[in-house]
Structures are given as C-alpha cells and as structure tokens.
Amino acid sequence: MSELAQKRELETKKKQGITVTEILIVAVLIAAGAVLKAVSNTIFSFTPLKPNMVIAMYALAILLVRPRFFEALAIGLIAGVVCMFLPGATPYANIASEAIGAVVMFLLIRIPINTKFGKMSLIPAVMTFLTTLASGYTFFLMLKILLLSGMEVNNMALGVFNAIIIGTAAANSITVFILYPALGTIMKRKNTEQLTINN
C-alpha cells in the first residue's frame, strides 16, 4: 500500500474515534501527570509555585492520539477530575481549566505551523506553552468567580499567579519537547505495523 493510501486510511480510522490502545496511552499519561503533580506539591509545599504536570501529560496525549473535539474535551474533563483528588485542589476550578486547556490544544494541532530548532520541532513545546496559559488563566478566573460566590479559596495576587502560570508553562513545554519525539515515533511505528497486519 502506498504512503498516501496509508495516510488516508489512518485519517479514516481517526474519524471513527480513538482506539483502545490510544485510550490506554491517555490514561497512563494522565496518571503519570497526577503522580508528578502530587510529588511536586510535596517538594514545593513551601512556595505557591506548584507545577501542574497533568497539563503537560494531557497536552502530550492529545498531540499523540489526535482525538476528535468531544474526545479532546473528555480528556480535559477527566484530567480535571483527577486533579480534584490531589492535595490542594480547588473545587470545580480544575475541571473548567483543564477542559479549556484540552480544547485549546485540540484547536492548536489543527493550525499549520512549522517551527524548527535544528532537527527538532518546537511545535509541541509552543502548543503546550499556550495550552498551559489557557488552563492557568481559566483557573485564575474560576478562583475569582468562586471567591465572589463566597467560597473560601486561595486569593493570590495576579503578579504571583502570572509567575506560577508562566513557570508551569515553561516546565510543561520542556517536558513535552523532550517526550514527544520519542513517543511520537513509537506511535507512528505502531500505526504502520497495524496497517501492515490489516493488509
């Protein structure tokens, strides 16, 4: 089968939804992000800067499996629910922020961008950075809404929160920049092998 035909078959497969293997990949990545977030919360307990690696992992998952809109939204909602069970969570804020972050990543992967750093693409890092910003500022907005509604939440100054969001975005970008090439190669290899078996 020609390469063009393989690409078309893969595109058709994607339109039918993500596979069981891809669902497992998403689950493993979000679980890994939750563990890393819990660990970072402990390590950085003395400071308001607590990187959210769950964002990096669901951004990476969306980059790898290229889900449809509602699948990407579901990934974000699941990531948000997972964050709710971690220490220091703010009720409802993570669900909204991670859903928005996942939708932003879904939209970004459909924009034709070509940014290279040597032989490595900066696209995954840039998209993760923007996704983290979208998630972070949505979270900040949710905190303000919850505060106005009378709920007791951590009311940080905007300057402090800007530092947290940008620092987290940078850390998440570096993480995805390092992990995406290797995992992306593995995913492509598995898809090619699956096509070979089917043919």
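Trainee: How many aromatic pairs does the count come to?
Mentor: This is a predicted model. Rings of Phe, Tyr and Trp pair if their centres lie within 6.5 Å. By this rule the count comes to four.

Trainee: Which kind of pair do Phe 69 and Phe 106 form?
Mentor: Their ring centres are 5.5 Å apart, and the planes stand at 75 degrees. Planes over 60 degrees apart count as edge-to-face. So the pair is edge-to-face.

Trainee: How many residues apart in sequence are the parts this pair ties together?
Mentor: Phe 69 lies in helix α4. Phe 106 lies in helix α5, residues 93-108. So the parts tied together are apart in sequence by 37 residues.

Trainee: Is Phe 106 buried or exposed?
Mentor: Buried means under 20% relative accessible area. Phe 69, at 32%, counts as partly exposed. Phe 106 has 10% relative accessibility, so Phe 106 counts as buried.

Trainee: Which helices hold Phe 140 and Phe 161?
Mentor: The two rings form a tilted pair, 4.9 Å centre to centre with 45 degrees between the planes. Phe 140 is buried, and so is Phe 161. The pair ties together parts 21 residues apart in sequence, because Phe 140 and Phe 161 lie in helices α6 and α7.

Trainee: Roughly parallel or roughly antiparallel: what is α2 to α4?
Mentor: The axes of α2 (residues 20-43) and α4 (residues 69-84) come within 10 Å and cross at roughly 30 degrees. Angles under 35 degrees count as roughly parallel. Therefore α2 to α4 is roughly parallel.

How values were computed. Residues are numbered from 1 along each chain as its sequence is written. This is a predicted model: local features need pLDDT of at least 70, side-chain atom pairs count only at pLDDT 80 or more; totals for chains, interfaces and linings use all residues. Side-chain values use heavy atoms; hydrogens and water are left out. Axes are lines fitted to C-alpha atoms, for helices over the stretch in contact, and angles run from 0 to 180 degrees between N-to-C directions. Helices (H or I, at least four residues) and strands (E, at least two) are DSSP runs, numbered from the N terminus. Angles under 35 degrees count as roughly parallel, over 145 as roughly antiparallel, 65 to 115 as roughly perpendicular and the rest as oblique. Rings of Phe, Tyr and Trp (its six-membered ring) pair if their centres lie within 6.5 Å; planes under 30 degrees apart count as stacked, over 60 as edge-to-face and the rest as tilted. Buried means under 20% relative accessible area, exposed over 50%, partly exposed in between (1.4 Å probe, protein chains only).
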